[in-house]
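Student: Could you walk me through this model, one part at a time?

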Amino acid sequence: MVNILFNRYDIDAKWCFSAFQRYIKATDKVVIIPFSFRDERVNSKNSWEAYYGQNDGIYYNGIVNSFFSYGIQPENIIWINYFTDSKESAIQKISNSDILYFTGGLPDKMMIRLKEFDLISTIENHNGIIMGYSAGAMIQIKNYHITPDKDYTLFGYYKGLKLIDIFDIEVHFEHSDLQISSIETVRKETGLPVYAIEDNGAVLVDDGKITTVGNVHYYK
């Protein structure tokens with residue numbers, strides 16, 4: 001398994017393209033899992049289409065076009081639709097894909113919806129690439145933390161997927177006092193190192209080997 005953790009969906013940017021190209025191949029089949037949406041924004045089939053749909057969805061082109069740069073064809077990029085897919089069709093899409101891609105948003109909401117669809121074990125046993133930005137990076141950590149922001153008023157630990165348990169991450173790192181305080185809390189309370197990822201940074205885990213790309217800071 002390969003895990004790729006980053007902050008933005010422009011995975012064809014110059015700073016990361018050559019590093020990601022070692023893993024993302026033109027023949028890969030990709031499934032996008034946008035389960036991190038806010039209820040007040042996405043609460044129906046129509047509103048889901050407005051954000052993720054092929055016909056002018058807000059996030060559709062940015063995510064899909066980035067994969068085109070790696071030679072992946074449109075027919076090999078599929079989405080799991082929370083409002084139209086069944087548990088069975090979602091599992092089949094994941095099982096038939098080489099790359100699982102998690103979107104940004106609210107990580108705790110994403111975990112709730114993954115459990116609702118009974119996708120946890122299927123994802124955790126996937127043998128390909130699991131990648132995600134922002135919230136999609138956080139949930140790859142077995143016990144991730146959230147630093148207070150506009151969506152979460154309190155620092156806290158949350159259950160993620162049982163994929164990475166040897167470090168934690170701080171996403172969208174801007175060297176703020178609040179972020180650094182959260183990192184120090186994690187280090188003291190868990191004993192784990194923390195990778196603080198700026199928006200032009202990424203952490204790659206290839207069969208246990210950790211590589212950083214771009215601006216990533218290591219707190220041990």
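This is a predicted model: local features need pLDDT of at least 70, side-chain atom pairs count only at pLDDT 80 or more; totals for chains, interfaces and linings use all residues.

Student: OK, what volume does the largest pocket have?

Tutor: The largest pocket has a volume of about 840 Å³. A pocket here is an open set of points on a 1 Å grid over the protein atoms alone, where a 1.4 Å probe fits, with protein on both sides within 12 Å along at least five of seven lines, and lining residues have an atom within 4 Å of a point. The volume is the space filled by probe spheres set on the points, which are joined across faces, edges and corners.

Student: And which lining residues are closest to its centre?

Tutor: Of the 36 residues that line the largest pocket, R38, G105, S134, D149 and H172 are the closest to its centre. The lining divides into 16 nonpolar, ten polar and ten charged residues, where Ala, Val, Leu, Ile, Met, Phe, Trp, Tyr, Cys and Pro count as nonpolar, Asp, Glu, Lys and Arg as charged, and the others, Gly among them, as polar.

Student: What lines the second largest pocket?

Tutor: That pocket, with a volume of about 180 Å³, is lined by W48, E49, Y52, G53, Q54, Y60, P74, I77, I78, W79 and N81. The elements that give two or more residues to this lining are α2 and β3, helices (H or I, at least four residues) and strands (E, at least two) being DSSP runs numbered from the N terminus.

Student: Back to R38, then: what does R38 pair with, and is R38 buried or exposed?

Tutor: R38 forms a salt bridge with D151, and the closest N and O atoms are 2.6 Å apart; a salt bridge is a side-chain nitrogen of Lys or Arg within 4 Å of a carboxyl oxygen of Asp or Glu. D151 lies in the loop between β6 and β7 and R38 in the loop between β2 and α2, so the pair ties together parts that are 113 residues apart in sequence. R38 is buried, with a relative accessible area of 13%, whereas D151 is partly exposed at 32%. Buried means under 20% relative accessible area, exposed over 50%, and partly exposed in between (1.4 Å probe, protein chains only).

Student: Which residue pairs with D39?

Tutor: D39 forms a salt bridge with K109, with the closest N and O atoms 2.8 Å apart. K109 lies in helix α5 and D39 in the loop between β2 and α2, so this pair ties together parts that are 70 residues apart in sequence. The structure holds eight salt bridges.

Student: New topic: which residues of α3 are buried, and why do they line one face?

Tutor: In α3 (residues 60-68), Y60, I63, V64, S66 and F67 are buried. Seen down the helix axis, these buried residues fall within an arc of 160 degrees, so they line one face of α3; the arc is that of the directions from the helix axis to the C-beta atoms.

Student: Last one: where does N125 lie?

Tutor: N125 lies in the loop between α6 and β5, and N125 is exposed, with a relative accessible area of 58%.

Definitions and conventions:
Residues are numbered from 1 along each chain as its sequence is written. Side-chain values use heavy atoms; hydrogens and water are left out.
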